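User: I'm new to this one. Can you walk me through it?

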Amino acid sequence: MTVRTILRMGDPHLLEMALPVRDFSTNALKVLIEDMFDTMEAAGGVGLAAPQIGVGLQVVIFGFERSERYPDAETVPQTILINPLITALSAEEEFDWEGCLSVPGLRGEVPRFSRIRYQGFGLDGRAIDRTVEGFHARVVQHECDHLIGKLYPMRVRDFTRFGFTDVLFPDRKEVD
Ligand code: NI
């Protein structure tokens, strides 16, 4: 088990474009994904993108049964998503609160497409093709943003809806 250091906002690696994975059969890819799960679990997160641990590849992981960070969120299946492609299925956007392990202690209200299709590959190279909505759609859009060098504060439109988690939500037990 290797818990890796999560880069924090301000680190230039978080602003880079990640490269597609070309070879799905390498041990290095397997180890990367194991480390990502260990790191995400240790931090109590619901998702993590490879650039957050300093690896510039198009790999994201997400999923949880129940999250202390997002107690009202519905379950999202545990997923490894490589070389993802997102297609918005509605022009409609939904605003909701997001946090990020690279932006500890803060939350902001961010617009996301309410319904999306996402495609990509699992660790075994098998195709993934899902149509999702709600929090699941939000998590995927948030994680895939990391692959194009975007952090959620760059998506915040109203900065009166951005602040410290413990001030915004004093009654909630938070991990970050
Ligand atoms: Ni994030």
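User: H142 and H146, buried or exposed?
Analyst: Both H142 and H146 are buried, where buried means under 20% relative accessible area with a 1.4 Å probe and protein chains only, exposed over 50% and partly exposed in between. This is a predicted model, in which local features need pLDDT of at least 70, side-chain atom pairs count only at pLDDT 80 or more, and totals for chains, interfaces and linings use all residues. Residues are numbered from 1 along each chain as its sequence is written, and side-chain values use heavy atoms, with hydrogens and water left out.

User: Where do H142 and H146 lie?
Analyst: They are both in helix 2 (residues 134-146), four residues apart, about one turn of the helix. Helices are DSSP runs of H or I with at least four residues, strands are E runs of at least two, and both are numbered from the N terminus.

User: What coordinates the nickel ion?
Analyst: C100 through SG, and H142 and H146 each through NE2, at 2.1 to 2.3 Å. Donors are N, O and S atoms within 2.8 Å of the metal (3.2 Å for Na, K and Ca); water is not among the atoms, so sites may look incomplete.

User: And where is C100?
Analyst: C100 sits in the loop between strand 4 (93-98) and strand 5 (106-113). Its relative accessibility is 2%, so C100 counts as buried.

User: Different topic. What is the phi of N83?
Analyst: It is positive, about 50 degrees, although N83 is not a glycine. Most residues other than glycine have a negative phi. N83 belongs to strand 3 (residues 76-88) and is buried, at 17% relative accessible area.
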